[in-house]
Amino acid sequence: MTAKNSLNLLAILLALVLSSLLPVSAQAQTADATLTPLVNALAPGNFKDREAAAKALGATGDPRAVPVLQALIEGELYATKADGKVVLLEGSAATDPVTGAALGDIAKADLDKVKVNNGLRRALRTIIGQMTLLSPDKAVRLSAAQSVLRDANPDNLELLDGALAAETDPEVKTVMQTARAAIILKTDAPMTEKAAAAETVAANAGRDAVTILTGALAGAPDELKPVIQNAIDSLGRTQAVWGVAQNVWYGISLGSVLLLAAIGLAITFGVMGVINMAHGEMVMIGAYVTYAVQEVIRQNFPGLFDWSLAFALPLAFLLTALVGIAIERGVIRWLYGRALETLLATWGISLILQQTIRTIFGPTNREVGNPSWMSGSFELGGLQITWNRFWIVLFAIAVFLALLAVLKRTQLGLHMRAVTQNRRMASSMGIRTPFVDAMTFGLGSGIAGLAGVALSQIDNVSPNLGQNYIIDSFMVVIFGGVGNLWGTLVGALSIGIANKFLEPYAGAVVAKILILVLIILFIQRRPRGLFALKGRAVEQ
């Protein structure tokens, strides 16, 4: 090492010592000034000098050092000839590797590449591994272990063994052990150790296990191939079972969406016998209420975004309920007993509502974001479950139980059931059937608004949103039994699961056609659906 480089290294070490003595706030203010000289020290000298500078950089524990070292491995670091400043070069655009600030276009003639050889690359990988696999942050260690598992580079074996010896968290340790097993399959380890590694990969690698084992099978010795093949076959059988379970979950997820869209229609159709073609537009209005609420929160109260759905739910229910009551009082009440006229009238209302939304919000899709607690996914055994679908299933169950409570435990619910069974007798007993009709239509429309809030989290919010679900909603109601909530629940889940099992073989469009044909055949045998309501009016 030259005298100049030795002085540079001493200056760097002195800066590190001084930075450790500063208060936390002062360290934050001088972080860039401390890290930049360390990065610049990567350029001068020979490979040994660069390795020493990289170790000093890694010793800071600063997470920004990791991408810098990774860029050095990939040959993306250059030093300016004028002052020796290290820059990150992408094309002709240079950026500061510490702050990410743009430095403008720099000609390559004015730069010297910071060169690395294989020995330095191994040292850099070790430093990066030490900063990540040995990080005090569990999330960082877990991410690093998963990265090692994906790469399965034998060069990382020694580093991984050291990290395993120090690891105490069971989750991270399992991933590290699996990564070690995947690496062992690529080495010249003894047969017994490789067989044990194959078993470890099969047990712990999850969805990646078949890929890892299939890759190891090609280069495995003949005596090891049966062991790996048996593990692959066993995983194939297990994944087939989990595949069936995954389709069931997809069906339940779709069924919950259909239940939310159809449950309001079930009580409207069941109590009043109105074929409400504008029901889908109530769903659409609920989705646009969610969009409007999120826009207000984004512009004025961004810290409350995770609570946006809590504000949108009551607003969507109230607005769509009022719209439903207005439709019933203004149009539907003059058309009772004339099913075809109600169909045509509500179809016309649906067109008016769609055009109104287009006029206010425009014809294009609107972005509705997911709160943080509805983003991402998790694994349950071999199932992959997204958080937004999971919460929508729970929400559909909650709405269903709440509606049951309203029908069974409230005076309005008692009057609704009485009108459903015998409208004339209920009227003669003093029940105000026009009021019940209005409240029923409002309740059904309000629930459709709640469905729109939920659907905004998984579907495009557009003026055509409701039209995508109106036919499926009618199928659910007719198949389950008109006006029967339990029939609506069973019908929604049955159609959802059947649809998801048919889709892989027939495609989405043909699957829907087949479901429709099956429902038509079923209705031929049971015209009142799975669970028919009983009562004098129903019998007539």
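Trainee: Is D49 buried or exposed?

Mentor: D49 is buried, because its relative accessible area is 10%, and buried means under 20% (exposed is over 50%, partly exposed in between, with a 1.4 Å probe and protein chains only). This is a predicted model, in which local features need pLDDT of at least 70 and side-chain atom pairs count only at pLDDT 80 or more, while totals for chains, interfaces and linings use all residues. Residues are numbered from 1 along each chain as its sequence is written, and side-chain values use heavy atoms, with hydrogens and water left out.

Trainee: In which helix is D49 found?

Mentor: D49 belongs to helix α4, which covers residues 47-59. Helices are DSSP runs of H or I with at least four residues, strands are E runs of at least two, and both are numbered from the N terminus. The protein chain has 23 helices and seven strands. It is more spread out than a compact globule, because its radius of gyration is 33 Å, well over the 24 Å that the globule rule gives for 540 residues. That radius is taken over C-alpha atoms, and the rule is 2.2 Å times the number of residues to the power 0.38.

Trainee: What does the C-alpha trace span along its principal axes?

Mentor: The C-alpha trace of the protein chain spans about 105 × 60 × 40 Å. Of the 540 residues, 44% count as buried.

Trainee: Which residues have the most contacts inside the largest nonpolar core?

Mentor: They are I267, L485 and I495, in a core of 75 residues. Such a core is a set of buried Ala, Val, Leu, Ile, Met, Phe, Trp, Tyr and Cys residues joined through side-chain atoms within 4.5 Å. Helix α12 (residues 225-272) gives the most to this core, with twelve residues. A second, separate core has 38 residues, including A145 and L235.

Trainee: What is I495 in contact with, leaving aside its neighbours within four places in sequence?

Mentor: Contact means heavy atoms within 4.5 Å. For I495 the partners are L258, M475, V476, F479, I515 and I519.

Trainee: Where is the place of I263?

Mentor: I263 lies in helix α12. It counts as buried because its relative accessibility is 1%. Beyond four places in sequence, I263 touches F400, L403, I447, L485 and T488. Between I263 and R423 there are 21 Å in space, C-alpha to C-alpha, and 160 residues in sequence.

Trainee: What does T433 touch, not counting residues up to four places away in sequence?

Mentor: T433 touches V419, R423 and S427 on that count. T433 is in helix α19, residues 433-455, and is buried because its relative accessible area is 12%.

Trainee: Why is Q294 buried?

Mentor: Q294 is buried because its relative accessible area is 0%. It sits in helix α13, residues 279-300. Leaving aside neighbours within four places, the contacts of Q294 are F305, S308, L309, V368, G369 and Q457.

Trainee: What share of contacts in the protein chain join residues at least 24 apart?

Mentor: The share is 68%, among contacts between residues at least 6 apart in sequence.
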